[in-house]
Amino acid sequence: MIKKYVDIYQKYDKVNDECGVFGVYRNDDDLDSVAMTHDALFGLQHRGQESAGITVNVNGEFSTVKELGMVSEVFNANTLSRLKNGRIAVGHVRYTSSESLDRASNQPLVIRYREGSIGIASNGAITNFAEIRKDLERGGSIFQSNSNAELMAYVIASERCTTDDLESAVLRAMDKLEGAYSTVICAPSRLMGFRDMYGFRPLCIGKVKNSYVITSESCVIDSLGGEFIRDVEPGELVVIDEQGFHSYRQRKQADKTSLCLFEYVYVARPDSVIDGVSVHHARFKAGELLYKEFPIDADLVCGVPDSGLIAAEGYAQASGIPFGMGFVKNKYIGRMVGTGKDKMRRLLKTRLTALTSNVKGKRVVVIDDSIVRGETSKHIVKLLRDAGAKEVHMLISSPPFICPCYFGIDIHDKDSLIANKMSSDEIKELIGADTLGYLSLEDVKKIAEDANIGLCDGCFSGHYNAEIPRSIFVDKYAKKINRK
């Protein structure tokens, strides 16, 4: 049995996204839908490391393998052999904001109802979860989990009973579901993908030979040797069946679209292009803009692996200061015994080590993507000091986090954010840096100014383009919501 594994470094002092999705409609006899989905999940592993799953439709029969753990832990030759090469498959990797990792919330989720079966995998957070769930329970629905995917499946099934086709049912469900969702569905005869009307979380379409794929990030399409077609538009439902590709629009439309800006700062892989903007280019530009705001005289610029590296390269190019490696990251840390902060401290010590030969005696500019609670930043500065750095100037390629995220990023309350408790000068003293600078709100918007979609900066500004939850913190279900 696979044991629960939570990376304390990520869980305690880093911001996390909450999963990645993939779907394939196979039109080529020489392609294997299971192998493609398995490979795709490796490409999405950065979006969720706590469970993984695949559902395959073989002539209308659905088979699923899913479990807690990384993709490499969940799938092996034995488990993969239980999945046959079907026409349609969907996959999911999960990050959960819940304290407990309940297996019932693992995805994809397959439900059987009067009109057939669907397998669903979703990324995001339904902000009217509590209200919809109450209504469904009054009507007799029995929930097996606290996942948003199960709620979405029930809403779609309810709408399907009163409509002529599944497409209409999904579009009606989209009008009822509020918040953020990028979702794929394995239906009896077609693959479906849809995105909330704001476009909070990414979703795109690609083609591998004559087969179609729908996934969270374009890097997956590249890794499969496919061709990127386009992003799924906010409020759009795309359907692939034996007749080809179809597109539908939901009736409700947002006044302003709101892709999560933090996708470019940290969440997405740098080789992805999201809504018209290269993630690598956005991070490089963030580094250039940091230099304009904080032109520091130094001997070396380095980044905190991995998402700080590209911004550090941008800063180095703009400043003319040499770019170099300041840290070595150990990517092969297994499970560690112990609990709580002691375990976190030990993991921090073994995860990163400073490269003494590069930093000793030097004035170092170190760039990271964010500061949440400050413990990681304090440790990073100490590593450089202990390695002999003469000065340590820490720059952050995003503004301070001051507000929760309600739309799929694991920032839940202001009390956990150090920027709400201390000024920048106080944080600088706490972490032991000579300088602490954040990229301004004005400039962070510039890193993706060419995006073909509006951007959400609510966690930095407190202003949201969508309605925030009305009862998420007071309803009896709120404590259990597992935002998937």
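**How the terms apply to this model**

Mentor: Let's start with helix 6 (residues 148–160), which lies across strand 5, strand 6 (116–126), strand 7 (179–186) and strand 8 (191–195), at about 130° to strand 6. This is a predicted model, where local features need pLDDT of at least 70, side-chain atom pairs count only at pLDDT 80 or more, and totals for chains, interfaces and linings use all residues. Residues are numbered from 1 along each chain as its sequence is written, and side-chain values use heavy atoms, leaving out hydrogens and water.

Trainee: Why is Ser 51 called buried?

Mentor: Buried means under 20% relative accessible area, exposed over 50%, partly exposed in between (1.4 Å probe, protein chains only). Ser 51 has 0%, so it is buried.

Trainee: What makes the pair Ser 51 and Asn 106 a polar contact?

Mentor: Their side chains come to 3.4 Å. The term asks for a pair of N or O atoms within 3.5 Å; within protein, one must be able to donate a hydrogen and the other to accept it, and residues adjacent in sequence count only if both atoms are side-chain atoms.

Trainee: Why are strand 12 (residues 236–241) and strand 13 said to pair?

Mentor: Two strands pair if DSSP finds at least two bridges between them. Strands 12 and 13 have 6 bridges, in the antiparallel sense. For Ile 240, the bridge partner in strand 13 is Phe 245.

Trainee: What is the strand order in the open sheet of 6 strands?

Mentor: The order is 5-6-7-8-12-13, with antiparallel pairing. Strand 5 (109–113) and strand 13 (244–249) each have a single partner strand, so they stand at the edges.

Conventions: Helix = DSSP H or I, 4+ residues; strand = E, 2+ residues; numbered from the N terminus. Contact = heavy atoms within 4.5 Å. Axes fitted to C-alpha atoms, helices over the stretch in contact; angles between N-to-C directions.
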